Every structure is written in structure tokens, then in C-alpha cells.
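Welcome! Take a look at the view below, then read on topic by topic.

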Amino acid sequence: MPAYTAANQRPTIREALQSRTFDVIVIGGGITGAGIALDAASRGLSVALLEKNDFASGTSSKSTKLIHGGLRYLKQLEFGLVREVGQERAIVHRLAPHLVLGEKMLIPVVKGGSLGPLSTSLGLWVYDLLAGVKGDDRRVMLNPKRTLEKEPMLSSTDLLGSGYYAEYRTDDSRLTIELIKTAMQHGAMVLNYAAVEGLIYNEHKQVKGVVCQDEMGPDRWTVQGKIVVNAAGPWVDEIRKQDRSLQGKKLFLSKGVHIVVPQAKLPIQQAAYFDVGDGRMVFAIPRQDITYIGTTDTAYHGDPNRIPIEKEDVAYLLAATNRFFPKAQLAIEDVESGWAGVRPLIYEEGKSASEMSRRDEIFTALSGLISIAGGKLTGYRKMAQRVVNRVAKTLGNKTACQTAKISLAGGPFLNAADVNLYIQQIMHKLQELNQSATEAPYLVHNYGRQADVILQDLRQEEDFPLLQAEVRFTIAHELATHPLDFLNRRSGRLYFRLPATRPAIPLALDIFQEAFSWSPEQRQRFAHEVSEAIDLITTFPSSTPLPAAR
Ligand SMILES: Cc1cc2nc3c(=O)[nH]c(=O)nc-3n(C[C@H](O)[C@H](O)[C@H](O)COP(=O)(O)OP(=O)(O)OC[C@H]3O[C@@H](n4cnc5c(N)ncnc54)[C@H](O)[C@@H]3O)c2cc1C
């Protein structure tokens with residue numbers, strides 16, 4: 001990362017963005033745009049990336065956070081998709097083993113369920129085969145006794161056994177941010193809170209730039225580029241509309257909700273993927289001191305900038321969980337937080353939200369605008385490769401894709417054992433600094449080797465010194481500009497550690513206020529933004545408004 005200080009980062013980047021014509025401008029700083037920026041920059045292309053909000057603030061912070069092949073797509077006979085993303089899992093793990101962790105998954109098989117022991121065994125065998133899974137990671141089938149040893153919270157009634165197989169877990173927004181930082185290390189110019197509000201064309205009606213609105217101030221400016229790539233996720237069609245090229249295939253937004261309950265309320269020992277009974281499957285994944293459960297899959301026609309978690313979504317997930325883990329008897333009051341996102345899928349006539357393909361597709365308009373939609377977090381590298389192959393061909397760049405060999409920022413680590421060794425070192429350092437050693441896994445899985453940089457800046461503060469050092473790190477090194485950028489996208493604290501984080505929020509606001517010289521009114525505005533975000537993930541309105549009281 002360039003050694004910017006908090007105060008001068010934005011003006012410096014803005015100036016650089018206006019100072020030249022870039023080979024490629026990327027609209028959108030989710031996983032798709034971030035992957036494209038790194039691929040293009042590492043092939044020697046000059047890259048500008050513009051994000052209207054914070055990096056990963058769209059769908060890329062609201063997924064199930066799995067790097068997975070998508071077992072359920074086998075049912076839809078999507079063998080190509082399962083093979084590609086299945087094989088990508090091991091590559092993404094190798095590029096960031098601190099951030100993409102092996103996670104064994106248990107699929108319970110019950111009498112009367114939609115999965116039988118034979119179909120589960122066969123499905124998992126094909127899954128492993130397509131993904132090239134080897135050795136101990138290959139699936140095994142367990143009898144009821146061994147299933148209950150793995151997960152005592154499961155109900156023994158009607159239990160026929162389970163399938164036990166390998167996946168990976170990540171933090172989607174941290175993965176996106178480390179990709180962005182790696183792209184910057186390769187020379188990409190990136191800026192958050194920079195919304196593309198118009199496209200610029202040459203005399204041949206070819207798109208050659210964008211008009212940008214700085215969301216942190218009143219200014220508008222332009223960025224010139226030879227090729228413009230639209231990686232705006234759920235907003236892809238808005239950009240295509242601006243380009244007057246929204247013909248043919250269009251997006252379909254499908255909403256997915258996750259809820260978070262304290263580990264103590266659902267003390268599962270391990271991740272599970274279970275049958276809901278309506279042909280769908282739901283994940284329950286333990287993480288730090290919580291378990292998260294998801295997801296739903298329903299058509300969404302509302303505002304993708306503000307997606308509510310509705311009471312019905314919560315009830316659906318709780319009912320499914322209580323059926324498989326009846327000892328938990330979870331109630332809506334147990335739900336600590338959650339998140340709701342929309343999948344930017346490509347519309348297919350006559351299919352329901354959960355039946356629609358997760359494949360990605362690239363559209364090149366007559367104006368030259370390249371749009372990419374659909375796809376999975378897991379497949380970001382291959383999606384980027386396909387887009388950049390097109391860009392490189394047009395620009396006459398012959399360099400092959402490099403990204404399978406580029407360790408992401410936060411590394412490098414040789415493998416998971418190397419990560420564990422580093423966790424031990426951080427534990428010792430935390431003890432020497434009179435801090436709780438239990439924070440070490442969180443620090444390393446979030447920030448990788450940058451945990452050392454955070455600890456070097458630990459000060460003699462009375463309250464939350466570690467959190468305060470993290471805030472300073474994200475402002476200085478990760479373009480955190482709003483308090484929510486830290487609380488949500490860079491630390492996951494609002495989702496995973498809400499009760500423990502609430503009392504530290506005023507301190508985080510103090511640090512941002514000092515770094516960006518905010519007036520009391522500005523501080524008030526950002527404090528309000530944090531409260532609103534917390535309300536959005538902790539209050540669950542009914543989807544059908546109740547009739548007004550007479
Ligand atoms: C509930 C759910 C669960 C999922 N689970 C998984 C999973 O476990 N594993 C997996 O592999 N995949 C999963 N996915 C899919 C995955 O999350 C998405 O495919 C992926 O995050 C999409 O990334 P994206 O970059 O295309 O879109 P986004 O992350 O939405 O990024 C697009 C960005 O463009 C920006 N933008 C929009 N308009 C403009 C503009 N005018 N100017 C500048 N910027 C703009 C937005 O602010 C946004 O940040 C899941 C999806 C959902 C919804």
C-alpha cells in the first residue's frame with residue numbers, strides 16, 4: 001500500500017485519477033470489480049476503479065461467506081459451474097490461507113427428507129470428483145452414531161446418517177478489500193465514495209470515460225479510459241441503461257437473508273447444511289462467539305441500497321433450524337443481528353429465484369461498454385480472467401492471466417499450518433502487551449500479517465485499545481472513510497460481535513473525527529449512519545404492513 005496518511009489519501013488519488021487516460025476503468029468495488037482490477041493491473045494495464053459507496057458494501061459483504069462449489073447446483077445439472085468454482089476453492093485458499101479457511105460441512109440425512117443416504121453419497125462423490133478433491137478431504141458417509149458424535153445438537157429422531165465433506169469459509173468483504181489492496185500494490189488507482197453518474201463518449205459513440213460524483217464532497221470530475229467495465233453487481237442494469245444498451249438479457253434480483261444468534265443459544269460444534277423441507281437447504285455456521293444461519297432466496301423488487309430483514313425471513317430460518325436442532329428452540333428474541341443481500345442473477349423466463357442459474361455472463365455493448373453479471377464470490381478470479389482477456393485483446397496486450405500466483409495482501413503464508421504458527425506468535429505478543437490472547441485468531445484471520453502493524457500501534461488507552469488500533473490501521477491503510485467502513489466491511493464487528501462492539505462505537509467515531517477533521521455536525525451525521533445501519537440489521541419489520549389501528 002502507498003504510505004498515504006488518512007488526511008491526504010483522497011485528494012492524492014483523485015488527482016491521479018484525473019491525470020491520465022487509463023487502459024481500463026472499472027465501475028464497482030465488489031468482489032467482481034476488485035478481481036478485474038487486480039487481473040488487469042497485474043498484466044501491466046493501467047486501471048482506475050470507482051466505487052460509489054464503500055468497497056464490498058453491496059452484495060460482497062452479504063453472502064454466506066463460503067468459498068464453495070455450490071453443491072445444490074448439481075441438482076440443476078450445472079456441472080460446468082460446479083467444476084469451475086469447485087476447482088477455484090483450492091486456488092483461492094492458496095492465495096490467502098489466513099482468510100480462506102478449510103471448513104468441514106455436515107449434511108444430515110433424515111427419514112422423509114428430500115435427500116436419501118444414496119443420493120447424498122453419490123452427489124458428494126460427484127462434487128468431489130468435479131472439484132478434484134483429494135485425500136482426507138474426500139467426502140465420507142457417517143452412520144447416525146458417528147453423526148451425533150460430530151454434532152450432538154442434532155435430533156436423533158429419524159436420523160439416518162450424514163454426509164461429511166470439505167468446503168472453505170471466508171470473510172467476503174475482507175477478501176474484497178485485500179484484493180483491492182493487492183490491485184493497488186500492482187499500480188491500480190482505486191477510490192471509494194466515488195459514484196459514476198455519467199458515461200463519456202467519443203465522436204464514434206464509443207465510451208471513453210466516466211463522470212464521477214465525489215460522495216465525500218460537492219465535486220464532480222471525469223476519468224478518461226480506453227475501455228470501461230461495468231461490474232456494478234445489482235446495479236449493472238442501471239449503468240447499461242445509462243449506456244442505452246439495456247436490451248436482451250436483464251438482471252433478476254434475488255434476496256438472501258442471514259441471521260446471527262449467540263453460540264450459547266445454538267452451540268453447534270460444526271458447520272451444517274440441512275434440508276428445509278421445501279426443496280431448499282440452509283447453512284448453520286459457527287464463527288467466533290456466534291452461529292449464523294442462512295439463507296433465504298426470494299424475488300426482490302425493492303431498493304438494493306437498503307434491503308430489510310423481514311420477520312418472515314427470520315421465521316423461515318428459525319423454523320428450519322429448530323426442526324434440525326430441536327434442543328435449541330430458537331426464538332426471534334435470540335437473533336442478535338443479521339444481513340440481507342441481493343444476488344444479481346441473469347433472468348430466465350419461467351424459473352423461480354432459487355432455480356435461476358448462478359452462472360456469470362459478459363455483455364459487450366455497441367458502445368464498447370463491457371458488463372459482467374451473475375456469478376459467485378468463489379468464481380471471482382475466473383470471471384475477472386474472462387473479462388480481462390476481452391479487454392487485453394482489444395488493447396493488444398498479450399500477457400496471460402497472472403492471478404493464480406499472486407498472494408493477496410495480508411500474506412504471504414505457505415499454508416494453513418504457517419497461518420497457525422503466526423497465530424501463536426500473535427498470541428504471545430498480545431500476552432506481552434497485556435491483551436487477551438484469544439483475539440489472535442480474529443486478528444490473523446481478518447488482517448493476516450498486518451496484525452503486527454496493528455499491534456505496533458497499540459497505545460496505553462484505557463478502553464478498547466485493540467479496537468482503536470484497528471480503526472487507525474484501516475484509516476491509514478485501507479481507505480476506511482466512514483465509521484461503518486471499519487465497523488462493518490473491515491472488521492465484521494457489526495455482524496459478528498455487535499453486543500461487545502456497541503460500547504466502543506463513540507471511540508471509533510472520535511478517531512474518525514480526528515483523522516478527517518470533522519465538525520460536530522459531520523460527526524453527528526456519521527453517528528446517525530451507524531445507528532441506522534444497526535437498526536437495519538436488528539429490527540425485523542413485517543413484510544405485509546399491518547392494517548392501521550382504528
Ligand atoms: C444471500 C447471498 C449468499 C451468497 N453466498 C455466497 C457464497 O457463500 N459463496 C459464493 O461464492 N457466492 C455467494 N453469493 C454470491 C456472491 O455474494 C455474489 O455473486 C458477489 O458478491 C457479487 O459481487 P459483485 O462485485 O458482482 O457485486 P457487488 O458486491 O454488489 O458489487 C457491486 C458494486 O458496484 C457498486 N456500484 C454500483 N453502481 C455504481 C456506480 N454507479 N458507480 C460506482 N460504483 C457503483 C456498488 O456500490 C457495489 O459495491 C451469495 C449472494 C447472496 C445474495
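How many helices and strands does the protein have? The protein has 18 helices and 18 strands. Please keep in mind that this is a predicted model.

**Overall dimensions**

- With 550 residues, a compact globule would have a radius of gyration near 24 Å, and the 23 Å of the protein agrees with that.
- The C-alpha trace spans about 70 × 65 × 60 Å along the principal axes of the protein.

**Domains**

- The domain assignment gives domain 1 (9-59 + 173-250 + 357-405), domain 2 (105-166 + 252-354) and domain 3 (416-538).
- Taken over C-alpha atoms, the centres of domain 1 and domain 3 are separated by 29 Å.
- Where these two domains touch, 12 residues of domain 1 are in contact with eight residues of domain 3.
- Helix α6 (residues 172-185) gives four residues to the side of domain 1 that touches domain 3, the largest share of that side.
- By class, that side of domain 1 has five nonpolar, four polar and three charged residues.

**Around the ligand**

- The ligand is surrounded by 38 residues, and the closest are Gly28, Gly30, Gly58, Gly233 and Gly256.
- Why does the shell around the ligand lie between domain 1 and domain 2? Both domains give residues to the shell, so it lies between them.
- At least two residues of the shell come from each of α2 (31-42), β8 (194-201) and β16 (337-346).
- Strand β16 provides the largest share of the shell, with four residues.
- Sorted by class, the shell around the ligand holds 19 polar, 13 nonpolar and six charged residues.

**A pair of packed helices**

- Helix α3 (residues 79-95) packs against helix α4 (residues 117-131) at an angle of about 65°, and their axes are 7 Å apart.
- Is the crossing of α3 and α4 left-handed or right-handed? The crossing of these two helices is right-handed.
- On the α3 side, the residues in the contact are Phe79, Val82, Arg83, Gly86, Gln87 and Arg89, and they meet Tyr127, Leu130 and Ala131 in α4.
- The residues of this contact between α3 and α4 divide into five nonpolar, two polar and two charged.

**Backbone details to look for**

- Gly294 and Thr295 are joined by a cis peptide bond, with omega at about 25°.
- You can find Thr295 in the loop between β14 (290-294) and β15 (298-299).
- Another cis peptide bond joins Gly411 and Pro412, where omega is about 5°.
- Pro412 sits in the loop between α9 (380-395) and α10 (416-432).
- Phe464 has a positive phi of about 45°, although it is not a glycine.
- Look for Phe464 in the loop between α12 (451-456) and α13 (465-477).

Key. Residues numbered from 1 in each chain as written. Predicted model: local features only at pLDDT ≥ 70, side-chain atom pairs only at ≥ 80, totals over all residues. Near = placed C-beta within 6 Å. Nonpolar A, V, L, I, M, F, W, Y, C, P; charged D, E, K, R; others polar. Domains from an automatic or database assignment. Axes fitted to C-alpha atoms, helices over the stretch in contact; angles between N-to-C directions. Left-handed = near helix turned anticlockwise from the far one by under 90°. Contact = placed C-beta atoms within 7 Å. Rg over C-alpha atoms; globule rule 2.2 N^0.38 Å.
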